[in-house]
Amino acid sequence: MSSYQKELEKYRDIDEDEILRTLSPEELEQLDCELQEMDPENMLLPAGLRQRDQTKKSPTGPLDREALLQYLEQQALEVKERDDLVPFTGEKKGKPYIQPKREIPAEEQITLEPELEEALANATDAEMCDIAAILGMYTLMSNKQYYDAICSGEICNTEGISSVVQPDKYKPVPDEPPNPTNIEEILKRVRSNDKELEEVNLNNIKDIPIPMLTELCEAMKTNTYIRTFSLVATKSGDPIANAVADMLRENRSLQSLNIESNFISSTGLMAVLKAVRENATLTELRVDNQRQWPGDAVEMEMATVIEQCPSIVRFGYHFTQQGPRARAANAMTRNNELRRQQKKV
């Protein structure tokens, strides 16, 4: 038995209750303070939980914040300032720094012909602005025009500002018109299996009710003519992704699916990718630009789906990891080669 264990043996048979009964009230209070769990280093806790209350003096009255601030300010003014170790005399010591003159190398020196020197020296502000515009500095202002504009608050002297040389004026590009698709009419045509309806484009329609999109996906399960289905920027989430996944398991005519720029999480994307494995007609799938990054597991699943589905020849997603990106690129090259060979046959 070690010496430390021998030292502990003498405390084995001690009766703690008997010791506590012999303690005085002051000693019990001191023991209670010692046993309190305090964390003085945690700045997120209030002061009462970081340090024990050691105040023994009873309060003399209510707290008067203004009087306390005045007392502290008066006390600070009455304290004598500490003398400087080296008193300030204002004497300047040392030599002032003088920047050395830089000699311009001969190859950097620019010399103009005397005629050009004379023309530039006698040029007006308008002519100098025209020369600056030719060099690419449009609407150049002279120093006098600049300070006049600062003093008056507006440009009064416009000489040379409207120079002969003007920059190219670009034509404003108008915003794209809203999507004119009537969702209720599209839903009816999908349910009736209209053979003239080969594309469903609901891009940029923000207020599509979730039940209507779910019904549309349900109707597409038995549709045999639609080739392209696009739901870009429709604020679709995981419920719509699950409905699209159920549609892919039963639909056998869809060739292109685009669900980019939506609010689909990694769970919804995984459901869509698992459904793509059971679909042999889909050739294009675009799932990029979701609200949040799907994660490494989803990117690995994407690469696996492309490898196991030779029908996928176009896949829209920007991989962030090198491993899945390389696997997907190799699989896409193989799938396109298989498609090219099938066309030859």
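Let's start at one residue: Glu 284 counts as buried, at 12% relative accessibility. Here buried means under 20% relative accessible area, exposed means over 50%, and partly exposed lies in between, with a 1.4 Å probe and protein chains only. The place of Glu 284 is in strand β4. Helices (H or I, at least four residues) and strands (E, at least two) are DSSP runs, numbered from the N terminus.

Before we go on, a word about the model. The structure is predicted, and local features need pLDDT of at least 70, side-chain atom pairs count only at pLDDT 80 or more, while totals for chains, interfaces and linings use all residues. Residues are numbered from 1 along each chain as its sequence is written, and side-chain values use heavy atoms, with hydrogens and water left out.

Now step back to the whole chain. The protein chain has 14 helices and five strands. Of its 345 residues, 26% are buried. The accessible surface of the protein chain comes to about 26500 Å², and carbon and sulfur atoms hold 53% of that. Such areas come from the Shrake-Rupley method with a 1.4 Å probe; for residues, only the protein chains shown count as cover. What share of the contacts with a separation of 6 or more is made by residues 24 or more positions apart? The share is 70%, where contact means heavy atoms within 4.5 Å.

Back to Glu 284 and its surroundings. Not counting residues up to four places away in sequence, Glu 284 touches Gln 255, Ser 256, Leu 257 and Arg 314. Leaving aside neighbours within four places in sequence, Thr 283 is in contact with Gln 255, Ser 311, Ile 312, Val 313, Arg 314 and Arg 339.

One of the partners of Glu 284 is Leu 257, so let's follow that lead. Leu 257 lies in strand β3, residues 256-258. Is Leu 257 buried or exposed? With 0% relative accessibility, Leu 257 counts as buried. The C-alpha atoms of Leu 257 and Arg 286 are separated by 6.4 Å, although the two are 29 residues apart along the chain.

Next come the helices. The axes of helix α11 (residues 238-250) and helix α12 (residues 266-276) come within 8 Å and cross at roughly 5°. That angle makes α11 roughly parallel to α12. Axes are lines fitted to C-alpha atoms, for helices over the stretch in contact, and angles run from 0 to 180 degrees between N-to-C directions. Angles under 35 degrees count as roughly parallel, over 145 as roughly antiparallel, 65 to 115 as roughly perpendicular and the rest as oblique. In this pair, Asp 238, Ala 241, Asn 242, Ala 245, Leu 248 and Arg 249 in α11 meet Thr 267, Gly 268, Ala 271, Val 272, Ala 275 and Val 276 in α12. Sorted by class, the contact has seven nonpolar, three polar and two charged residues. Ala, Val, Leu, Ile, Met, Phe, Trp, Tyr, Cys and Pro count as nonpolar, Asp, Glu, Lys and Arg as charged, and the others, Gly among them, as polar.

Helix α12 has another partner. The axes of α12 and helix α13 (residues 296-308) come within 10 Å and cross at roughly 10°. These two helices are therefore roughly parallel to each other. Residues of α12 that meet α13 are Ser 266, Leu 269, Met 270, Leu 273, Lys 274 and Val 276, and those of α13 are Val 298, Glu 301, Met 302 and Val 305. By class, this contact of α12 with α13 has seven nonpolar, one polar and two charged residues.

Our last stop is the loop between β2 (228-230) and α11, where Ala 233 lies. Phi of Ala 233 is near 55°, a positive value in a residue other than glycine. Ala 233 is buried, with a relative accessible area of 11%. Lys 235 is also found in the loop between β2 and α11, and its phi is near 60°, again positive in a residue other than glycine.
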